[in-house]
Each structure stands twice: as C-alpha cells, then as structure tokens.
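Q: I want to learn how to read salt bridges in a model. Where do I begin?
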Amino acid sequence: MSTWWIALLIVIGIVAVLFAFSHIFLRIACGRNDRFNKNFDKAISASVYADCKDVILKGRDWVVSKHPEQVSTTSFDGLKLVGEYIPCENARGTVIMFHGWNASPISDFGAGLSYYQSLGLNLLLVHQRAQGKSEGKYMTFGIRERHDVHTWIQWHREKFGSTPVLLAGLSMGAATVLMACGKEFDPCVKGVIADCGFTSPYEIISSVIGSMHLPTKPIAALIDLQARLFAGFRLKEYSTVDAMKQAKLPILLAHGEADHFVPCYMSQQAYDACTSKDKVFLSVPKATHGKSFLVQPEEYKAALREFFNRCLK
C-alpha cells in the first residue's frame, strides 16, 4: 500500500473519530432526558440541588397536595408538549414556568412555587421539549423552545381569555423565555423573569468545552455540524442578546455571582442589550447555578413581589 493511501486512511480515521466524539457530545448535551420522571429522588441527589434536596422534596409534596391538572398542547413542529396546571383562587394572573437543561419544573422551581401562588398566581409548570413528559428527541437550547413559549401562551389564551400572563425561566428555561421576546407577544403577556440564563447555545457549549480544557472552536464547530444534521438547529442561530434588542415588556433578570456553569456575565450581556424601559438585574453573591432563590430568599421574594405588582397593577 502506498504512502498516499496510508495517509488517506489515517485522515479518514481521524475524521471518523472526531465525528463520533462530537456526536456523543451532542447526545449528552441535547439528547432526551427522562431522569426526573424515572426516579425523582435519585435525579435530585445527582443534580446541582443535591445539597438542598429536602427543600425541593418539600416543594414536590406541596405540588402533589394541589392535585395539578395535566394539560397539553401541540408544538409548531408537531410535538406533544405537556404541563401541569395549578389554579389559584381569585387569581390575578398566571405564571408559565420553563425549567432548565436536564431538569424538571419541580427541581428548578419547587422551592418557590408556594410563594409564587401566594402572590395570587395560577401556575403552569411546563415540561420542555425532549424532557420529562413532553415529546421530542433533542433539546435545542432555546432555539425551538422559544416558539413553544408562544404556543403555551396561545393555549392559555384559548382556555382563559385575556387573563394576564407572566413568563418565568431558569437556566435553559431563562434563555428560552428571553429568546421568545424576539417575537411579539400576545397582549396578555405582562412580564418576563429569567434566572441564570445563557446567551446562546454556542456560547454555553463553548464555555463548557473551555472548562474541560479542550480546544473550543474546532469542537464547537463539530457539534454545530452535528446539531444541524441531527437536531435541526444551529448553535449560533439566535441568542438572548438578539432578542433583548427587541424587548418591550418588563424584564427581571437574576443570576448567582458564584455560578460557574452559566457565567453571570451572560445575564449581564442580556441586561445591557435589553431595550425595555422596565428592566431589573438581581445579582446574588455566593449563589451557584440555579440557587439564587435559595441563597437569598427574602431579597428574591421582594424582587418578585415588586415586579409582579408593577406588571399586574
């Protein structure tokens, strides 16, 4: 066999290994997640909330005691999207809540759900596509999920008419609701809350790759190719910064300053780009990813209360 053939086979082998590696990374990053449906206690123990498991489980028990109604709608691309609806007597509005990556509504919001309802709000706990009870093979880091936000708003409009709606998201859910601001909302939507969201799929994936001390650009490029081929989206397709340039509604951003998974500067960039006349950034010292409410509950509750009062006055 000639030297040229050997060299070609080596190149083909390297390409094949890189392609396989990037596909594995795509499956880990974007592949379907059912772990909280299968064993909630085990999933919590293996998550970032392991050290506050008791608080989350208490929140889960509160939800169970409310006997939530399972509801569903159909996404723009034909997926069944599932949520749990908890009504509030004499409600002044509904908060639609979008959880994060590899998470669930209870894991991300369980600690604060009773407080949200105490403010006079119905709760709609959404299972994001490709997670929990909703259909889908791949998560898209907010790219397709942002359209699901508008689908749920339409569902709410058809069922409850002009009842005011607020949107809340954490982590990938925060990126989801912020990206949804790039499209005009139904008039019933009054405000958006986004806690520890990233700016774009490309930025968060690059950040994770960098934290692993791997070459960022070539690996991100390969994952982008995989995402296009198998999940139908591009890592640089859209961002919260793009959407915030179109923002008109009141926006409350929150982020833990000790968040090493989604760096705090990503929320700062969204805040800086936001064109809303009513925007607030709650920066929480010592809070790691998704734990701002747990680290500073009183300050966080006060920010929520003031925000809701302004939006629903």
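The dialogue below takes up salt bridges in this predicted model.

Q: How many salt bridges does a search of the whole structure find?
A: Side chains of opposite charge can pair when their charged atoms come close. Here the search gives 12 salt bridges.

Q: Which residue forms a salt bridge with R60?
A: The partner is D41, with the closest N and O atoms 2.9 Å apart. R60 lies in helix α4 and D41 in helix α3, so the pair ties together parts that are 19 residues apart in sequence.

Q: Where do the partners K291 and D51 lie?
A: Their closest N and O atoms are 2.7 Å apart. K291 sits in the loop between β8 and α13, and D51 in the loop between α3 and α4. The pair links distant parts of the chain, 240 residues apart. K291 is buried, with a relative accessible area of 10%. D51 is exposed, at 62%.

Q: What separates D224 and R228 in helix α10?
A: About one helical turn, because they are four residues apart in that helix. D224 forms a salt bridge with R228, and the closest N and O atoms are 3.1 Å apart. D224 counts as buried at 14% relative accessibility, because the cut-off for buried is under 20%. R228 is partly exposed, at 48%.

Q: Which residues do salt bridges that share partners join into one network?
A: The network holds D77, R129, R144 and D148.

Definitions and conventions: Residues numbered from 1 in each chain as written. Predicted model: local features only at pLDDT ≥ 70, side-chain atom pairs only at ≥ 80, totals over all residues. Heavy atoms only, no water. Salt bridge = Lys/Arg side-chain N within 4 Å of Asp/Glu carboxyl O. Helix = DSSP H or I, 4+ residues; strand = E, 2+ residues; numbered from the N terminus. Buried < 20%, exposed > 50% of the residue type's maximum accessible area, 1.4 Å probe, protein only.
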